[in-house]
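Please have the sequence and the 3D structure open side by side. The paragraphs below go through a few helices and ring pairs in turn.

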Amino acid sequence: MTPVMITTMVVCFALTISVAVSIGLAAVLGIQASNANMLISVKEMFNAINKFPLAAIPFFILAGNLMETGGISRRLVDFAKSLVGGVQGGLPMTCVLTCMIFAAVSGSSVATTFAIGAILIPALIKHGYPVGYAAALQATSAELGVIIPPSIPMILYGVSAEVSIGELFIAGFGPGILISLALMAFVYVYCKFKKLGKNDGEGRLAVGTATWRAGWALLMPVIILGGIYGGVFTPTEASAVAVLYALVVGTLIYREIRPTDLYAVLRKSVVSSAVIMFIIANAGLFAFLITRAGVPDAIGRWLQEVLQSPAMFLLGVNVALFVIGMFIETSAAIIVLAPILAPVAQHFGIDPVHFGLVMVVNLALGMVTPPFGVNLFAACTVARISLDRIVPYLIPFVLVILTCLMVITYVPGISLELRDLVYAK
């Protein structure tokens, strides 16, 4: 059964068939090869999405789209620009900082790419930055959308590996801030070296004015994250609160969401949610079958024999995840691999929350690496350029995040210090 499934999936990927269909078809053929009852497919696909924490996914996607339409995104950009826009290279730094703030509500890197990129990519081009650089910067910065909590991939990892989603969320702040600072430092040095961004301060608001205008927008992550860690509501309930808040602010306070806009916002959110849920359903069936076939146990034993130390295990996992992330969508990769790798990581004494952050950060890189990086396609769509024009500018950004990934991997305190402080045993 397993060889049939793996072969089918690889062939489908080679034929550029969508990830969800490839995984689902491989699973169905695996059931046929084992002469099992086909009703298993329906049952396990339903079980894969019949989990309460997954309800947060469509709500966070809807919240991100409401923020984009309701003017919250634009005000966050103005606020970030007021803080860092006055220095050379301030506009690219504004992009990184805005994505970090927006990520504290959206939970999705693609939503972050569209919401912030629609504002900042044209602004970067207008200020003389190459269009490929602007798109590469936006695609990379938007990766923070799945690292800074709340995060859809963290929810999926928590469900798949049976790890506390609240602990994963609080652990994401350290890695998210590290990557944000590294990216801002890099773009500052790059702009100095290339003599770009000397006029980035044009149109910049005073900090007080920008903060006042963005007050309701800045209050949103405070309410969401404060509610989660204050015990007022769960991460799943927080997603519904985010939708309500974005809707109220966008319609009644900023008055930029008209009743006629709601259909387009809801339709866009439904399509995005359906795509993710379809991937989760098929990946859940695939994971059930390979677990039943004993593949996770076999891989675990092999890894324990070959990789004798936690350091070597983490290095091997990082290399494998980096390659896998290039070809398989992040959500599907987490659902399939987390139940396999998390128990092995625990065998080596690695904290499951720390390992979850390593997985999420690594697979998030797949969103900005060809050939299937969803952030790249989103940024190219906004910038209206082809993928080949973005790649030369993308390589340095990927190297920066890879460096941060190694630090996150081998300095667990970056992820766990805040978690241990909040969730004191």
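This is a predicted model: local features need pLDDT of at least 70, side-chain atom pairs count only at pLDDT 80 or more; totals for chains, interfaces and linings use all residues.

Residues are numbered from 1 along each chain as its sequence is written, and side-chain values use heavy atoms, without hydrogens and water.

The whole structure contains eight aromatic pairs. Rings of Phe, Tyr and Trp (its six-membered ring) pair if their centres lie within 6.5 Å; planes under 30 degrees apart count as stacked, over 60 as edge-to-face and the rest as tilted. Tyr133 and Tyr190 are stacked, at 5.0 Å centre to centre and with 5 degrees between the planes. This pair links distant parts of the chain, since Tyr133 is in helix H8 (residues 131-141) and Tyr190, 57 residues apart from it, is in helix H11 (residues 173-194). Helices (H or I, at least four residues) are DSSP runs, numbered from the N terminus. Both Tyr133 and Tyr190 are buried, where buried means under 20% relative accessible area (1.4 Å probe, protein chains only). Ring pairs also join Tyr133 and Tyr190 with Tyr129, Phe186, Tyr393 and Phe397 in a cluster.

Why is the pair of Phe313 and Phe355 stacked? Their ring centres are 5.9 Å apart and their planes lie at 25 degrees, so the pair counts as stacked. Phe313 counts as buried because its relative accessibility is 0%, and Phe355 is buried at 0% as well.

Helix H8 also holds Ala139, which is buried with a relative accessible area of 0%. From C-alpha to C-alpha, Ala139 and Val374 are 8.8 Å apart in space, yet 235 residues apart in sequence. Beyond its neighbours within four places in sequence, Ala139 is in contact (heavy atoms within 4.5 Å) with Val368, Asn375, Leu376 and Ala379.

Phe397 of the ring cluster is one of the buried residues of helix H21, which include Leu394, Val398 and Ile401. H21 (residues 391-410) has 20 residues and reaches 29 Å from its first C-alpha to its last, close to the 28 Å expected at 1.5 Å a residue; the expected span is 1.5 Å times one less than the number of residues.

Finally, helix H4 (residues 56-69) packs against helix H15 (residues 259-292) at an angle of about 145 degrees, with axes 9 Å apart. Axes are lines fitted to C-alpha atoms over the stretch in contact, and angles run from 0 to 180 degrees between N-to-C directions. Among the residues that meet are Ile57, Ile61 and Leu62 in H4 and Leu262, Val265 and Ile276 in H15.

Note on methods. Helices (H or I, at least four residues) and strands (E, at least two) are DSSP runs, numbered from the N terminus. Buried means under 20% relative accessible area, exposed over 50%, partly exposed in between (1.4 Å probe, protein chains only).
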